[in-house]
Amino acid sequence: MGSVSSAPSALTVLGAVGAVGVGAAIWGVGIERHLYTVRRHDLRVLPPGAAPIRVLHLSDAHMAPWQRHKQRWIASLSALRPDVIVNTGDNMGHVDGLDGLRTAFAPFRGIPGFFVHGSNDLVAPGPRNPFLYFTGPSARVPHAQSLDAAALDAFLTDDLGWTGLDNTAASATVNGLRIDAFGVGDAHRDGDRLDVLPAAIGRLGSGADLTWGVTHAPYRRVLDAFTDLGADVLFGGHTHGGQVRIPFSPKALVANCDIPLDQARGLSTWTHDQRTVPLNVSAGLGHSIYAPVRFGCRPEASLITLHAR
C-alpha cells in the first residue's frame, strides 16, 4: 500500500508565492503609498544658549491635481509649527501639479524657507521600466514635456516667501539666528554648478550662526563639496528612500544616485577630509504617477529640531 506524501505540491507552493505577491502589490499600491508619516530628529548644532529651531524638510511631492489626500496631509503639517522650511525639489508630478501644490503649501505662507529644484520641477515625468533602476541612475526621458517652472518659482518666492538656492547662496533670520544656506541645481541632471558657490557664499559675508547645504540629488561629489564649503547640516531628497524596500532592512535596494544605500533615507552623517556633518535625506512625499507604489518605505516629511550645543 503506497504512502501519501506530506510535502506541499509545486502547485501549492506557487499558489502561496503568488498570493504573497498579490498581497504585497495591493499593500504597496493601494495602502502604503497613502500612509504619510513624520520622521522626527534632534540635532545639537546651534550656538550655546540658542532657542530651538524646528525645521520642516519637504521633498519629492510629485504632485498631481487629483491627489487630494496628499494635499490635505501636507497642509496639516503646519500644526507642527515649523520655524523654517527646507524643500529639496521634485514638487511637480503633472503638468497641472501646481494647483495641488497651492493647496498643500498655502498654510506655510510667511514661514521662512529655502528650496532647490529637481528635474520634475522643470519637466513632466514619463513612463519608465522600473527594473532599469537596478542598472544605475535613471536617464533623461526623451521629449519630456516642459513644466511652467516660472509659475512654480513665482508661487514659492512671491507668494510663500521662500528663497531659491539653485547654484547660489542666501541668508535668513530664524529665531534671532542668522542661517546661511547654499545649494545647487539638480545634480542628477548635471545642473550642479559647484564652481560658483564659493563666490556666492563669500557675498553673504561673515557672521552666520549656522550654515546649510541643500541639494535635490545627494550625489557624493555634491556632499563632499558642501562639507568642504563649511555646511553644518546637509539636506537632500531624490532617492524616495528606495521607494520599495525589504521591510526592516537598513539599506535601500536602489537610490538613483551614488549615495551609499544605507544613507538613502533618514538622518546620518557625512564625512569628507576629516570633517563630519549631519545629513538628512528625505524619502519624500510622493512617487511618479507612472510608478504608484511604496513598499517598506512610507511617504514622509522630516521634522528636525535643532538645539543648542
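Which side chains meet in a salt bridge at 2.8 Å, N to O? The legends below begin with that pair.

**View 1. Arginine 193 and aspartate 195 meet through their side chains.** They form a salt bridge (a side-chain nitrogen of Lys or Arg within 4 Å of a carboxyl oxygen of Asp or Glu). The N to O distance is 2.8 Å. Arginine 193 is partly exposed, at 41% relative accessible area. Aspartate 195 is exposed, at 53%. Buried means under 20% relative accessible area, exposed over 50%, and partly exposed in between (1.4 Å probe, protein chains only). This is a predicted model: local features need pLDDT of at least 70, side-chain atom pairs count only at pLDDT 80 or more, and totals for chains, interfaces and linings use all residues. Residues are numbered from 1 along each chain as its sequence is written, and side-chain values use heavy atoms, leaving out hydrogens and water.

**View 2. Aspartate 190 pairs with arginine 221 in a salt bridge.** Their closest N and O atoms are 3.8 Å apart. The pair links distant parts of the chain, 31 residues apart. Aspartate 190 sits in the loop between strand S7 (177-183) and helix H5 (197-204). Arginine 221 belongs to helix H6 (residues 220-228). Helices (H or I, at least four residues) and strands (E, at least two) are DSSP runs, numbered from the N terminus. Aspartate 190 counts as exposed because its relative accessibility is 59%. Arginine 221 is partly exposed, at 35%.

**View 3. Arginine 178 and aspartate 180 form a salt bridge.** The N to O distance is 2.9 Å. Aspartate 180 has 6% relative accessibility, so it counts as buried. The count of salt bridges comes to 7.
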